[in-house]
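Take a walk through this fold with the model open beside you. Follow the chain, then the sheet, then the surface.

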Amino acid sequence: MEDTVFMKIIRREIPADIVYEDEHTLAFLDMKPINPGHTLVIPKKFARNIFDVDDETLAAVTRTVRKIALALQEILGAEGVNISMNNESAAGQLVFHFHVHVIPRFANDGYEHWCGKAYPSDTAAKEVAEKIRQALA
């Protein structure tokens, strides 16, 4: 699993429009962007996704995500950014190497947000909240 397309980009075996690199992370333009400037931030150390990335790597990626977001706001005039990641197939993950999307946003740019669903009852929400609290205790 460690020989992902992203590892090949890190090793410069395949081309990418790299916009930032440091000791721990690499950032490059998404090949099919939501908007121009849509950037992927990845760790150089392999992790499949949020479920197995270590804290130090996660922190390094988060620092780079913020740098990219600020740059997109400054140079593109982005009115906002979406920061997102998909973890496992059910959530839409296609490349199984931890990565974060930094998507510059503009009013009326056509990118659709998800529509939420209400809990079927107040008790259903309370039950889920209690299960989460128990798991975190």
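In what order do the elements of the chain run from the N terminus on? The order is α-β-β-β-α-β-β-α. That makes three helices and five strands in the chain. Helices (H or I, at least four residues) and strands (E, at least two) are DSSP runs, numbered from the N terminus. The C-alpha trace spans about 50 × 40 × 25 Å along its principal axes.

A word on the source. This is a predicted model, where local features need pLDDT of at least 70 and side-chain atom pairs count only at pLDDT 80 or more, while totals for chains, interfaces and linings use all residues. Residues are numbered from 1 along each chain as its sequence is written, and side-chain values use heavy atoms, with hydrogens and water left out.

Now the sheet. The five strands form an open, antiparallel sheet in the order S1-S2-S3-S5-S4. Two strands pair if DSSP finds at least two bridges between them. S1 (18-21) and S4 (80-84) stand at the edges with a single partner strand each, so one side of each has no neighbour in the sheet. From one strand to the next, the twist averages 20 degrees. Axes here are lines fitted to C-alpha atoms, for helices over the stretch in contact; angles run from 0 to 180 degrees between N-to-C directions.

Look at the pairings. S1 and S2 form a hairpin with three residues between them. Three antiparallel bridges join S1 and S2. Glu21 stands opposite Leu26 in S2. S3 (residues 39-43) also pairs with S5 over three antiparallel bridges. There, Val41 has Val100 of S5 as its bridge partner.

Next, the helices. H2 (residues 55-76) lies across S1, S2 (25-29), S3, S4 and S5, at about 160 degrees to S3. Contact means heavy atoms within 4.5 Å.

How many aromatic pairs does a search of the whole structure find? It finds one. The ring centres of Phe6 and Phe28 are 5.4 Å apart and the planes stand at 70 degrees, so the pair is edge-to-face. Rings of Phe, Tyr and Trp (its six-membered ring) pair with centres within 6.5 Å; planes under 30 degrees apart are stacked, over 60 edge-to-face, the rest tilted. Phe6 sits in H1 (residues 5-10) and Phe28 in S2, 22 residues apart.

Finish at the surface. Tyr119, Val128, Ile132 and Leu136 form a nonpolar patch there. Tyr119 lies in the loop between S5 (100-105) and H3 (122-136). Patch residues have over 30% relative accessible area and no salt bridge; like charges join within 9 Å, nonpolar side chains (Val, Leu, Ile, Met, Phe, Trp, Tyr) within 5 Å.

Technical notes. Accessible areas come from the Shrake-Rupley method with a 1.4 Å probe; for residues, only the protein chains shown count as cover. A salt bridge is a side-chain nitrogen of Lys or Arg within 4 Å of a carboxyl oxygen of Asp or Glu.
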